[in-house]
Each structure stands twice: as C-alpha cells, then as structure tokens.
Amino acid sequence: MYKTDDNIVALATLPGKSALNVIRLSGPKALECYYVLTKTTKQPKPRFANLVAIYSESGKQIDQAIITYYKGPNSFTGEDMLEISVHGGVVIAKKVLGEAMAIDVRQAFPGEFSYRAYINNKIDLIQAESIAGIINSISSIDSYYNLNNIKGSLSKEIIEIKKLVVDEIKKIEFTIDFDEEEVDIQK
C-alpha cells in the first residue's frame with residue numbers, strides 16, 4: 001500500500017494550455033519544501049493566499065505563484081499541505097514538480113491524497129469513493145449525489161441506521177437475559 005510518512009506531490013489540474021495549474025504537496029516536511037522553493041525564511045500565513053516567487057535549486061526564478069499553506073491537521077489530508085497555483089502550460093508545472101521532487105518529495109500515486117485524508121480520519125470511505133465518483137461523473141445527477149456523499153449525507157444516514165440497529169439488538173439481548181414476566185418492554 002501507500003507509504004504515509006513521506007512527502008508527496010502531484011499536479012491537481014490537467015496538463016496543457018490553461019491559465020493556471022495547481023500543484024498539491026503534502027507530508028511532514030511540506031513547510032520545509034515551501035522554504036526551499038520560495039527561498040524565504042518567512043513562515044507563510046496558514047489558509048491564506050501567499051504571493052511568492054518560486055525558484056530553482058540554482059536560484060533562478062521559475063514563476064510567480066500563489067501558495068496556500070495548510071497546517072495539519074487543518075488540511076484535506078490532515079497533514080501539512082501546500083497548494084501551489086502556477087501559470088498554465090506544461091513547462092512551469094513540470095519545472096516546479098521537478099524542483100519539489102529534488103527535495104525529497106515523491107510523485108503521488110492516483111488517489112493518494114484522498115487515501116491520506118481517509119487514514120487521518122478527515123473523510124470516511126464513502127466520502128473517499130465519492131471523490132473518485134465526482135471526478136468521473138458524466139452527468140449532473142452523478143455529480144449531485146457524489147457531492148452530497150462528499151458532504152457526508154450518506155454517512156450520516158448510515159450512522160443513524162446503525163444506532164437504531166444497535167438499540168434494537170440491546171432490547172433483544174435484554175429480553176433474552178430476563179424472564180418476560182419480570183420486564184415490561186415498551187414499544
């Protein structure tokens with residue numbers, strides 16, 4: 001399965017001609033990666049769009065970007081995380097990904113960000129599956145139901161049903177343990 005004690009990075013948008021690309025980076029050393037990529041010692045304000053320059057290892061500026069730092073556990077994955085918005089096209093994103101991988105960050109596997117969110121109890125299994133479902137939706141109905149599941153609607157219904165079933169099991173066990181004449185069970 002996936003390792004979870006390392007740093008991962010992936011392009012979150014489709015590569016190609018577009019106004020911007022979003023790169024996600026998550027792991028225990030995400031903040032250190034921020035310092036290396038931006039060549040700054042100033043800590044970014046969490047959950048705030050920070051306008052910064054991104055540099056190569058040699059010190060050459062690659063792009064002017066917006067980086068949002070999410071301090072764990074208050075991030076999608078539950079770990080420290082960066083969302084890096086760079087200019088579109090293939091060249092800039094590829095360079096930034098390469099620089100990240102040069103500093104002890106590996107390419108994430110498909111679904112690995114959601115997996116980390118799941119194992120860090122940020123989402124449940126239904127929500128994780130619904131993320132894949134909404135990405136692959138081909139109709140408005142699909143996306144509607146998957147979005148509701150991502151928000152936790154199905155999970156809440158299942159928890160309520162589970163509670164009702166457990167309560168009924170307790171009543172059944174209670175009646176088995178005691179004589180019917182001793183206890184009056186109210187419905």
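Two strands count as paired if DSSP finds at least two bridges between them; helices (H or I, at least four residues) and strands (E, at least two) are DSSP runs, numbered from the N terminus. This is a predicted model, in which local features need pLDDT of at least 70 and side-chain atom pairs count only at pLDDT 80 or more, while totals for chains, interfaces and linings use all residues. Residues are numbered from 1 along each chain as its sequence is written, and side-chain values use heavy atoms, with hydrogens and water left out.

An open sheet of mixed pairing is formed by 6 strands in the order β3-β4-β5-β2-β1-β6. Its edge strands, β3 (49–55) and β6 (106–107), each pair on one side only. Strands β3 and β4 (residues 61–70) run antiparallel and are joined by 7 bridges; Ala49 stands opposite Thr68 in β4.

| Helix | Strands touched | Angle |
|---|---|---|
| α1 (residues 30–38) | β2 (20–26), β3, β4 and β5 (81–87) | about 60° with β3 |
| α3 (residues 112–119) | β1 (8–11), β2 and β6 | about 135° with β1 |

Arg116 belongs to helix α3 and is buried, with a relative accessible area of 0% (buried means under 20%, 1.4 Å probe, protein chains only). Leaving aside neighbours within four places in sequence, the contacts of Arg116 include Ile8, Ser26 and Arg106.

Methods
Contact means heavy atoms within 4.5 Å. Axes are lines fitted to C-alpha atoms, for helices over the stretch in contact, and angles run from 0 to 180 degrees between N-to-C directions. Buried means under 20% relative accessible area, exposed over 50%, partly exposed in between (1.4 Å probe, protein chains only).
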